[in-house]
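Here is a short briefing on one protein chain. Take a look at the model, then work through the points by topic.

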Amino acid sequence: MPAPIRRTAPGWLAVAVFLLAGCGSSADGAAPVGGADASPTRLPAEYAGGACQLLNYQVVESTLGARFDVAASAQQQDTYTCVLQPAKADYPDLLLSVTPTDADVSVFKSTVVPDGASRVSDLGLTGYSTLLKAGGGAGPGVEVGWLSGNSRLIVLRYTLASGAAAGDAKAAVPKLVALAKKVDQSSL
């Protein structure tokens, strides 16, 4: 399982994107390349590379109903991650991790699926969803994981802002599953 992302300081992602935002603009004042998402402070998520290439701000917003402004990717050995956040807050956030695997459905179910998770049908070879408790300054969340048809373990985690109710996380499950299905199609 991929290691959780550790935050070193509040808003670190927003600061990094702010400092790099000028890279997408031109001297003549023309808009940066990248479509409707692009602005001097909101470059497309795909520009962050890594697993962020599987996410698009407009698709995420229309599916989850949450707006994100900054994206960052990382790689640890064969695992690629992406995190999306609003520009001026740490939460909500959306984390995507992608890892190649030799696991089959049986191994996935016995070693990856958390206890108490619900099965998600029509997602990769097999998938699950589970609710996450609030903690560490974050609200409750939802995790959807699956074994893709192209032998990858993919996990999508949506963490709500502090003060969100557990019912808000439960209501987000079908939305995150819908987003996971879109990510699974785009990862082929």
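The expected span of a helix is 1.5 Å times one less than its number of residues. Keep that rule in mind for helix 4, which covers residues 166-186. The model is predicted.

**Helix 4**

- Helix 4 has 21 residues. From its first C-alpha to its last it reaches 30 Å, close to the 30 Å expected at 1.5 Å a residue.
- Helix 4 has a kink of about 35° at V173.
- Which residues of helix 4 are buried? They are A169, A172, V173, L176, V177, L179, A180, V183 and D184.
- The cover over these buried residues includes helix 2 (57-64) and strand 3 (93-100). It also includes strand 4 (118-120), strand 5 (126-132), strand 6 (141-147) and strand 7 (152-159).

**Nonpolar cores**

- The largest nonpolar core has 33 residues. L64, F68, L84, L94, L96, Y158 and L176 have the most contacts inside it.
- Helix 2, strand 2, strand 3, strand 6, strand 7 and helix 4 each give two or more residues to this core.
- Which element gives the most to this core? Helix 4 does, with eight residues.
- Y158 shows how parts of the chain meet. Leaving aside neighbours within four places in sequence, Y158 is in contact with L64, A66, F68, P92, D93, L94, P140, G141, V142, A172 and L176.
- Another core lies apart from the largest one. It has six residues, among them F108, L147, L153 and V155.

**The disulfide**

- How many disulfides does a search of the whole structure find? It finds one.
- The disulfide joins C52 to C82, with 2.0 Å from S to S. The link is right-handed, with 95° about the S-S bond.
- C52 lies in the loop between helix 1 (12-20) and helix 2, and C82 lies in strand 2, so the pair ties together parts that are 30 residues apart in sequence.
- Is C52 buried or exposed? C52 has a relative accessible area of 0%, so it is buried. C82 also counts as buried, at 0% relative accessibility.

**The aromatic pair**

- A search of the whole structure finds one aromatic pair. F108 and Y128 form this pair.
- The pair is tilted, with 35° between the planes. The rings are 6.1 Å apart, centre to centre.
- F108 lies in helix 3 (residues 105-111) and Y128 in strand 5, so the pair ties together parts that are 20 residues apart in sequence.
- F108 is buried, with a relative accessible area of 1%. Y128 counts as buried at 1% relative accessibility.

**Backbone exceptions**

- Most residues other than glycine have a negative phi, and most peptide bonds are trans.
- The peptide bond from Y91 to P92 is cis, with omega near 5°. P92 sits in the loop between strand 2 (79-85) and strand 3.
- Q77 has a positive phi, near 55°, and is not a glycine. Q77 sits in the loop between strand 1 (70-76) and strand 2. Its relative accessible area is 67%, so Q77 is exposed.
- S151 also has a positive phi, near 60°, in a residue other than glycine. S151 sits in the loop between strand 6 and strand 7. With a relative accessible area of 39%, S151 is partly exposed.

Technical notes. Residues numbered from 1 in each chain as written. Predicted model: local features only at pLDDT ≥ 70, side-chain atom pairs only at ≥ 80, totals over all residues. Heavy atoms only, no water. Helix = DSSP H or I, 4+ residues; strand = E, 2+ residues; numbered from the N terminus. Bend = angle between axes of the 7 residues up to and from the residue. Buried < 20%, exposed > 50% of the residue type's maximum accessible area, 1.4 Å probe, protein only. Contact = heavy atoms within 4.5 Å. Disulfide = S-S within 2.5 Å. Phe/Tyr/Trp six-rings, centres within 6.5 Å; stacked < 30°, edge-to-face > 60°. Core = buried A, V, L, I, M, F, W, Y, C linked by side-chain atoms within 4.5 Å.
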